[in-house]
Protein chains: 2
Amino acid sequence: MAVRIVIIGCGAAGATAAMQARKFNRKAEITIFDIEPYSQYSRCGLPYTISGKVKEFEDLVLTPPENWASLKIDAKLGTKVTNIDHENREIFYTGDAGTGSMEYDSLVFATGAKNIDPPIKGLDKRRVYRLRTLDDAKALAQEVDKAKNVVVIGGGLIGMETAEAFHERGLNVIIVEFLPNILLAMVDPEMARIVEEHCSSHGLKILTNTSAQEILGDVTPTAVIVQNRENEEISEIPADVVVVATGVRPVTDLAENIGVQIGSTRGIMTDNHMMTNLEGVYACGDCAESFDFVTRRTIVSGLGTVAVRQARVAGINAAGGDIKFPGVIGAKVTKLFGLEIASTGLTDQLAKRYEIEVVRGSIKGTTKPPYFQGGHEIKVKTLFDKHTGRIIGGQIIGVEDAAMRINVLTLAIQKDLSALEVFDWENCYAPAICDTWDPIVLSADAARRRFRK
Amino acid sequence: MAVRIVIIGCGAAGATAAMQARKFNRKAEITIFDIEPYSQYSRCGLPYTISGKVKEFEDLVLTPPENWASLKIDAKLGTKVTNIDHENREIFYTGDAGTGSMEYDSLVFATGAKNIDPPIKGLDKRRVYRLRTLDDAKALAQEVDKAKNVVVIGGGLIGMETAEAFHERGLNVIIVEFLPNILLAMVDPEMARIVEEHCSSHGLKILTNTSAQEILGDVTPTAVIVQNRENEEISEIPADVVVVATGVRPVTDLAENIGVQIGSTRGIMTDNHMMTNLEGVYACGDCAESFDFVTRRTIVSGLGTVAVRQARVAGINAAGGDIKFPGVIGAKVTKLFGLEIASTGLTDQLAKRYEIEVVRGSIKGTTKPPYFQGGHEIKVKTLFDKHTGRIIGGQIIGVEDAAMRINVLTLAIQKDLSALEVFDWENCYAPAICDTWDPIVLSADAARRRFRK
């Protein structure tokens with residue numbers, strides 16, 4: 001009998017799991033559920049619907065509903081899985097696809113994550129938004145023509161990208177970040193400050209080390225009360241729209257109900273086959289905990305790249321395959337006001353948390369040879385484990401070629417290279433492209449010299 | 001006694017050897033000679049003095065003459081080494097630094113290469129140029145305001161970059177390429193054709209499979225007689241300026257005179273310490289033959305990146321060190337009319353010559369996710385050795401991020417990765433940067449599937 005696969009969640013992870021399962025096993029019976037009425041769309045693209053860099057909401061839909069039929073995958077969208085009887089391997093659902101039940105041999109949780117509300121008063125007002133779903137984006141994008149003052153609470157990737165988008169549309173935008181710097185989940189403070197200065201110079205107002213305490217106003221916001229965490233000064237910043245982007249948490253309730261183990265990260269525990277503690281039950285994407293390549297500790301990465309790679313493993317294994325997920329490196333990039341911010345592996349701060357002593361190679365270089373018109377400054381930082389000598393992280397910031405350069409460091413981490421090996425890398429060179437010794441090589445050289453001391 | 005190092009040639013290789021020798025050994029007595037009166041300048045930057053992307057000729061000088069004194073390196077510029085008595089380890093010179101002799105313990109040949117004239121009649125006319133030296137560039141750049149019709153003989157990197165520069169300045173430019181396609185030293189025919197179409201669409205005229213036979217005119221050119229090698233048709237193309245860019249040959253006469261062995265490539269044979277067959281005598285850069293990382297065959301790469309890396313090894317070893325050159329990968333890039341052309345390792349054609357059976361991953365991708373405004377098509381080709389499974393080459397063409405992407409493939413070659421390992425690489429992703437599965441990954445995936453057949 002053909003293997004029956006049920007996938008819960010039709011985001012990047014779920015959709016990829018379904019398609020990879022189909023690629024691997026032509027006969028499998030595959031059903032995919034999602035609470036949302038939309039077929040797989042790009043969550044990362046949501047902020048760009050505000051600025052218009054994504055033209056239509058529909059453009060974000062990566063797998064048009066009709067594709068599922070052609071792949072012989074039964075997509076039950078707008079339909080909630082209400083219960084699972086794992087003993088009898090049966091799920092129950094209700095929604096646009098009707099109410100019913102269905103048996104499975106393999107089950108894949110790709111239930112994603114949901115926003116967590118910070119302890120701020122007044123979050124229940126109208127015109128206070130989160131940005132996780134396509135409907136969120138549709139509602140938020142309508143504010144472009146109505147709002148004047150936007151306060152974004154949270155200076156992580158989503159917060160910063162959303163702030164940039166509103167700023168580009170001519171609105172006054174203030175970022176409120178609780179920590180001493182923005183983007184600390186991807187870069188270290190001295191790198192974050194470069195980004196802060198760059199964004200500020202473009203007119204974005206950033207309040208770091210600041211807690212949002214209350215959203216004032218009757219039905220809709222009028223202002224946000226914030227407190228500077230250093231001097232404890234309290235102030236009121238005008239706001240008619242508030243966006244809360246303070247992080248997410250894995251959605252695991254259905255999994256927990258059937259006895260799937262949850263890890264210390266609050267994600268669904270998986271092994272290197274992306275299988276949970278229950279035989280034949282898999283998890284992938286933002287709901288799943290897997291392991292970090294460098295530290296071998298558990299991690300929920302929250303990254304699209306990781307989600308689709310985990311999903312490929314989960315999907316193929318759910319369909320009878322036997323492949324492994326190699327671990328999360330965690331390469332993260334974004335572009336803010338033309339500045340590329342790129343990071344891979346561990347930051348200094350994460351290394352410290354895990355008690356890894358590091359040797360650093362921090363340099364300021366240029367993207368093109370000095371004699372060629374149009375080069376730009378680029379900041380490169382590489383991090384090596386002092387004891388093993390291996391590269392464990394890197395951060396690059398510059399108005400060009402920062403993100404593409406981080407790709408080299410990611411591969412270097414995946415292949416356990418030493419500073420000398422990164423130094424010995426033969427970068428390409430042409431006056432119109434870059435210089436004979438790439439900034440990455442110079443950074444590795446700086447680290448290499450420090451190892452000898 | 002301090003080691004006495006004499007370096008012949010103050011190009012990228014010679015200058016790097018001198019500086020690395022100094023870095024390694026503070027006490028070494030270092031002397032560097034060059035026939036040209038200029039201190040180290042960028043040869044690769046020469047074509048860009050025509051277009052103005054390099055503003056002043058002086059900008060190309062990477063090591064101002066006064067720097068040599070501060071490094072305690074005796075730079076004898078405008079001075080020719082006339083003879084070497086290796087038995088007594090003494091060199092003889094004459095020129096701007098006077099006439100004299102000097103003893104050495106270590107000798108480094110960084111004598112570079114010289115243009116080879118193709119068998120074309122009329123090459124001795126005025127306004128027929130080569131482009132190898134700063135003086136060549138100065139003379140050629142003056143033609144921008146005088147010439148109307150420029151014929152460039154040779155569609156390699158230098159020829160194409162020179163043609164682009166003149167075209168940008170509003171001149172009529174025709175490229176005459178003997179082989180069936182331009183740039184065949186770096187890309188395969190199907191990739192070269194993309195470049196040809198792109199350049200043609202910008203108004204550059206390219207005659208491939210065409211031999212230049214004679215430059216007509218009395219004192220200066222009036223036309224070039226060319227023959228189509230396929231149909232043998234002969235035609236006359238108008239020219240008031242001709243640039244000959246048909247390749248170079250290592251300069252080895254001084255080395256040969258003292259019994260240094262020359263290899264089958266016509267370059268000076270070296271071992272992995274960049275030492276010649278004579279103890280204490282080194283060679284690096286365009287005059288030196290070393291070995292190709294993939295094929296382990298001898299090669300003269302002609303690349304600046306390779307020159308400085310070889311020179312670092314030669315310089316440090318000449319100063320008493322003991323380091324090795326890891327071999328040439330041969331990453332090559334350029335940008336023509338906004339299109340980036342990048343290549344690394346072996347091409348299909350080279351692999352064929354060395355009888356290496358290949359498995360290919362050729363894909364057409366996009367630089368950004370489909371929903372994001374502003375992405376561009378990118379063509380990626382990866383080549384794997386069918387028997388060992390290892391990656392041996394790659395070519396990428398696109399109007400953005402082609403060169404930076406080739407860097408990943410170069411590292412993959414240096415670390416002997418398989419198609420599966422390249423596929424498992426975790427590329428970075430953000431809507432404004434690139435998609436979740438990088439085109440390189442898709443290319444490796446295509447190859448990986450072919451391996452299984």
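Predicted model: local features only at pLDDT ≥ 70, side-chain atom pairs only at ≥ 80, totals over all residues.
Residues are numbered from 1 along each chain as its sequence is written, chains are lettered from A and ligands numbered from 1 in the order in which they are written, and side-chain values use heavy atoms, with hydrogens and water left out.

Let me begin with the interface. Counting a contact as heavy atoms within 4.5 Å, 64 residues of chain A are in contact with 65 residues of chain B. The size of an interface is often given as the accessible area lost when the parts come together. Here the buried area, meaning the accessible area (1.4 Å probe) that two parts lose on being put together, summed over both, is about 5500 Å² between chain A and chain B, and carbon and sulfur atoms give 64% of it. On the chain A side, the residues that lose the most area to chain B are A:Tyr371, A:Met404 and A:Glu426, which together make up 15% of what that side buries.

The interface also holds salt bridges, where a salt bridge is a side-chain nitrogen of Lys or Arg within 4 Å of a carboxyl oxygen of Asp or Glu. The rule finds 2 of them across the interface of chain A and chain B. A salt bridge joins A:Lys415 to B:Glu421, with the closest N and O atoms 3.0 Å apart.

Next come the cavities. Rolling a probe the size of a water molecule over the atoms shows where empty space is left. On a 1 Å grid over the protein atoms alone, a cavity is a set of points where a 1.4 Å probe fits but cannot get out, and its lining residues have an atom within 4 Å of a point. Grid points are joined across faces, edges and corners, and a volume is the space filled by probe spheres set on the points. By this rule there are 4 cavities of 30 Å³ or more.

The largest cavity holds about 110 Å³ of space. Its lining has 13 residues, and those nearest its centre are A:Arg309, A:Phe325, A:Pro326, B:Phe423 and B:Asp424. What gives the most to this lining is helix α8 (residues 304-318) of chain A, with 4 residues; helices (H or I, at least four residues) and strands (E, at least two) are DSSP runs, numbered from the N terminus. By class, the lining has 6 nonpolar, 2 polar and 5 charged residues, where Ala, Val, Leu, Ile, Met, Phe, Trp, Tyr, Cys and Pro count as nonpolar, Asp, Glu, Lys and Arg as charged, and the others, Gly among them, as polar.

The second largest cavity holds about 90 Å³, and its lining residues include A:Phe423, A:Asp424, B:Arg309, B:Phe325 and B:Pro326. For this cavity, helix α8 (residues 304-318) of chain B gives the most to the lining, with 3 residues, and the classes come to 5 nonpolar, 2 polar and 5 charged.

In chain B, the pair B:Asp117 and B:Arg130 has its closest N and O atoms 2.9 Å apart. B:Asp117 lies in the loop between β8 (113-115) and β9 (128-129) and B:Arg130 in the loop between β9 and α4 (134-141), so the pair ties together parts that are 13 residues apart in sequence. Are these two partners buried or exposed, or partly exposed? Buried means under 20% relative accessible area, exposed over 50%, and partly exposed in between (1.4 Å probe, protein chains only); B:Asp117 is therefore partly exposed at 46%, whereas B:Arg130 counts as buried at 18%.

Another salt bridge joins B:Asp438 and B:Arg405 (2.9 Å, N to O). B:Asp438 sits in the loop between α11 (419-423) and α12 (439-451) and B:Arg405 in helix α10 (residues 402-414), 33 residues apart, and both B:Asp438 and B:Arg405 are buried.

A:Asn317, in helix α8, counts as buried at 5%.

Definitions and conventions: 1 Å grid on protein atoms, 1.4 Å probe; cavity = no way out; pocket = protein on both sides within 12 Å on 5 of 7 lines; lining within 4 Å.
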